[in-house]
Amino acid sequence: FNSNILNISTSSQLFEDTLYRNGFYPTISIATHFRQNCKSSCIDNILTNKIENVVLSGVIEERLGEHAPIFTFTSAETPRNTEPQKHVRYYDYSSSKLKSFVTELEVKVNQLTPSTQFDEFTACFYQ
């Protein structure tokens with residue numbers, strides 16, 4: 001959004017107030033953007049609507065250009081399923097099944113007639 005939340009200006013305050021009113025909270029509150037001959041700013045952020053789940057957030061000192069990498073670790077609980085679910089799919093690749101498939105395929109291929117009409121050609125795919 002390029003709104004510097006370290007700057008106490010009307011537009012930055014309006015941006016931050018809008019976040020809070022909608023239940024979002026920035027997890028970074030220190031400078032993340034450093035440009036030569038300019039004041040450091042906090043324009044890179046991670047927003048959360050569950051601030052109580054934030055375990056750790058911060059800014060990594062090793063910068064990539066003018067921006068410092070940022071991170072947030074959260075604790076997210078997932079519901080545990082008490083019953084183990086096991087999905088097993090079995091395929092029968094026996095010789096008799098394969099022979100039956102090949103025979104059926106040969107019959108259907110032999111029933112096809114060459115066509116120069118595109119509609120007739122594609123009709124076999126809709127059967």
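This passage describes the overall fold of the chain and then one patch on its surface. The structure is a predicted model.

The chain holds three helices and four strands. Read along the sequence, these elements follow the pattern α-β-β-β-β-α-α. The chain is more spread out than a compact globule, because its radius of gyration is 31 Å, well over the 14 Å that the globule rule gives for 127 residues. The C-alpha trace was also described along its principal axes. Its spans there are about 80 × 50 × 35 Å.

Of the 127 residues, 17% count as buried. The accessible surface of the chain comes to about 11200 Å². Carbon and sulfur atoms account for 54% of that surface. Contacts were also sorted by distance along the sequence. Among contacts with a separation of 6 or more, 41% come from residues 24 or more positions apart.

The surface carries a nonpolar patch. Five residues form this patch: Phe 101, Val 102, Leu 105, Val 109 and Leu 112. Together they have about 460 Å² of accessible area. One of them, Val 102, lies in helix α2, which covers residues 95-111. The relative accessible area of Val 102 is 41%. Val 102 is therefore partly exposed, because this class lies between the cut-offs of 20% for buried and 50% for exposed.

How values were computed
Residues numbered from 1 in each chain as written. Predicted model: local features only at pLDDT ≥ 70, side-chain atom pairs only at ≥ 80, totals over all residues. Heavy atoms only, no water. Patch = residues over 30% accessible without salt bridge, like charges linked within 9 Å, V, L, I, M, F, W, Y side chains within 5 Å. Areas by Shrake-Rupley, 256 points an atom, 1.4 Å probe, with all protein chains shown as cover. Salt bridge = Lys/Arg side-chain N within 4 Å of Asp/Glu carboxyl O. Helix = DSSP H or I, 4+ residues; strand = E, 2+ residues; numbered from the N terminus. Buried < 20%, exposed > 50% of the residue type's maximum accessible area, 1.4 Å probe, protein only. Rg over C-alpha atoms; globule rule 2.2 N^0.38 Å. Contact = heavy atoms within 4.5 Å.
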